[in-house]
Amino acid sequence: MPSIELQERVENTNKEKNTTERPIFFTPHDFMSDAKVSAYYQHNATQPRVSFKVRRDKSTRTSPPSPPNDIVQQVCGNFGHWQLRTILLIFLCKIPCAWFMACIIYTAPTPQKGDYYCRPPSAPLNASGAQEITTYMPAWVRMSQPVSDERGTDRRFYVDACNIYEEQLQRDFAASHANYSNPFEEPNVEQLANGSLVLRVNVLPCEHFKHNSEYISLVSQFDLVCSRQLLISMTQSFHGLGAFIGNLLAQHALKHVNPRRLMLTGMFFQIFCGCITGLVTNFQLHIYFRCLTSIACTVIMSAGQVILMDITAGRTKTIVTTLSELFWGIGLILLPGISIFFDSWSYLYLAISASVIILIFVHKWIADSPRWLLRRNKLDRALEQLLHSAALNHQSIPLDLEQKLAAFAKQLQQDTTKATRYWSIWDKTTDRKYIFCIHGVWVGTIILHNVTLLMIRTMGMEYIHVNTVCMGLSEVLGIFMGLYFILYTRRRWLWSGQLLIAAGAVTYLIWMVPNTLKLSRRVGFEMIFWMFLKFATAIAFAVLATCTGEVVTPEKRPTLMFSVVTHSRFWLIFGPTISVTIQIHYLIPITVLASLAVVTGILLCFLNRAFWNTDQPRRAKAPTPNTYRRNSSAELLRRASAGTKMEFYENPLTISISDLWLVNAQIETITEQDVLTAEDGEKEAKANEAPK
């Protein structure tokens, strides 16, 4: 009897004899060896030099054709030099977008007491009647405006710059109060017996203001103080409206325009609208063009995200998706360095918009989406992309690449016609409570991600540059921590949710920072709470951006991502209105954000009940003496409960933990020797039977 090894050799030989090899092209090169074919094409190809490798089809003609493989991933690979160049260039596009979103921190800083005061329509004149009173203006301000109840510790009192006495509007007001000399006496105020203060004249809201700030901001140019402070949050709300419209517009435009060209169109549009946003002198036009520029930024990022998801695969796609927000934080770190060179909000807008010109010059090195081209039956351009990627990544390609591309394009077109509808994510394949939950988590995280950064302008302009850098560093660290949770933990929803809850709960302690501290120390202590909240928000945002698709089946993931992003950007329109609560107390906005973080963290923990990272294997605990001690104790208790107490204690046999380790090692050694001896015997028997 021949051995099993001989039988396998005979069967393999018969298969090789019966197998017919069909040439791909009927040319003389079909009869060359693989090495000669590769050398021939490397020598004569006019396109980028790519090593060709013949792949022969051994299937018979009678067998049904198998479905075409993903030829794009086969040629491009998961990651290489071609992908790296495109990824870095698309990531760079996020820096101007981050600047444009966060520039309101510097273009519209929150004014402090003393930065402005009310100016009547008819400005008072000096003795000669030639110009405004500028030498002793503070005394005139105290005479004309009501006094605030908030007192300073250095015998200063604050005037209510939002209101003015009605008699100040009369021309002889300055003359009638010319003998006013005591700066600490409250003018036109009568103190009653109960200690309350009553104005003896009517108070009217101020309509014209005088600003003392050296920096020309939106606040000083358009008088965005007092009741008009709401208009500052309105500008950011229009930015959110532009992001919402831009997402819908990009989704529709990608059906007709390739992502690479759409990115270039968005860049030109951003330069044009961004420059006009900084040049207009009308506030209505400013918020209108700010909305248009936000649309351009969103279109650029959406088109770039499509390219990133198409040219990467496997673990690389997960890493790229998570790190796509990394350059957003880098943009925040670089923004203070740009703002220090400009003393006007107009120049800052022009500088941010003009920086996109650099991206236009490097746009030619951004790759296009091969699958998008195949879906639109543009095989020549897709073939050009694949050949270029193979040349840079040193990948081998099949000789029948065109036929495989045509077959794969037909498959992609069929899949496009069978695309899932929006309402399919609500068909109870995944429980609807989790679908509602993931939408709520996205809303809370997007609001925290954007509004938390914008609210640091409430801490004053003295330390705004340092605070912006700290927020950017917190976001970068949070992105890396989120990537660790995604790659190496099973319960990433739970960890991110618990961190967000802890950050929100700790932020409540910001109220315990005493106001008597020096300003720099108080701002430093408060900034620690802001940084912790931003760090936890960045972790949650990284997990959401990468793992949201796990909630539904693979074919529904694009629909779910479009739904949650659109839904969250709609509610982001109303997020900046949180800044209005600063009129009550300057710590109210951070308290509202902390409460939102707690609610969002609870929803993330709820998602962990049904969605774990099953790809990550569960690590078994290494056995230790404590493990053996616990197991032996449980075994002794079980035996004691099974038998009588006397029988258990009559057994005189005892053994120590060290003896258990020694016996276990000896038994394993004996078992391994027996297994090796049995294997050697089988090999000797086969060797003896082979000659026969």
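1. Buried means under 20% relative accessible area, exposed means over 50%, and partly exposed lies in between, with a 1.4 Å probe and protein chains only. An α-helix has 3.6 residues a turn, so residues three or four places apart point the same way.

2. Some ground rules. This is a predicted model, in which local features need pLDDT of at least 70 and side-chain atom pairs count only at pLDDT 80 or more, while totals for chains, interfaces and linings use all residues. Residues are numbered from 1 along each chain as its sequence is written, and side-chain values use heavy atoms, with hydrogens and water left out.

3. Now the whole chain. The chain has 28 helices and eight strands. These are DSSP runs numbered from the N terminus: helices are H or I with at least four residues, strands are E with at least two. Of the 692 residues, 43% are buried. Contact means heavy atoms within 4.5 Å. Among contacts with a separation of 6 or more, 79% join residues 24 or more positions apart. The chain exposes about 38200 Å², and carbon and sulfur atoms supply 59% of that. Such areas come from the Shrake-Rupley method with a 1.4 Å probe; for residues, only the protein chains shown count as cover.

4. Next, the core. A nonpolar core is a set of buried Ala, Val, Leu, Ile, Met, Phe, Trp, Tyr and Cys residues joined through side-chain atoms within 4.5 Å. The largest one has 138 residues. Met 263, Leu 401, Ile 438, Ile 456 and Trp 530 have the most contacts inside it. Beyond its neighbours within four places in sequence, Ile 456 touches Ile 105, Ile 464, Asn 467, Thr 468, Met 471, Met 527 and Trp 530. Another core, of five residues, lies apart; among them are Leu 323, Ile 479, Leu 483 and Leu 487.

5. Check two helix lengths. The expected span is 1.5 Å times one less than the number of residues. Helix 11 runs over residues 259–279 and reaches 30 Å from its first C-alpha to its last, close to the 30 Å expected. Helix 20 (residues 432–454) should span 33 Å, and its end C-alpha atoms are 34 Å apart, which agrees. Helix 20 is also mostly covered, with 19 of its 23 residues buried.

6. What about disulfides? A disulfide is a pair of cysteine sulfur atoms within 2.5 Å. The structure holds zero. For Cys 273, the closest cysteine sulfur is in Cys 275, 9.5 Å away, so it is too far for a bond. Cys 291 is in no disulfide either; its nearest cysteine sulfur, that of Cys 273, is 9.8 Å away. Cys 273 is buried at 2% relative accessibility, and Cys 291 is buried at 8%.

7. Compare two threonines. Thr 489 is in the loop between helix 21 (464–488) and helix 22 (492–507). Thr 489 is buried, at 11%. A polar atom of its side chain lies 2.3 Å from the backbone oxygen of Phe 485. Thr 507 sits in helix 22 and is buried, at 1%. Not counting residues up to four places away in sequence, Thr 507 touches Phe 529, Leu 533, Ile 590 and Ala 594.

Key. A polar contact is a pair of N or O atoms within 3.5 Å; within protein, one must be able to donate a hydrogen and the other to accept it, and residues adjacent in sequence count only if both atoms are side-chain atoms.
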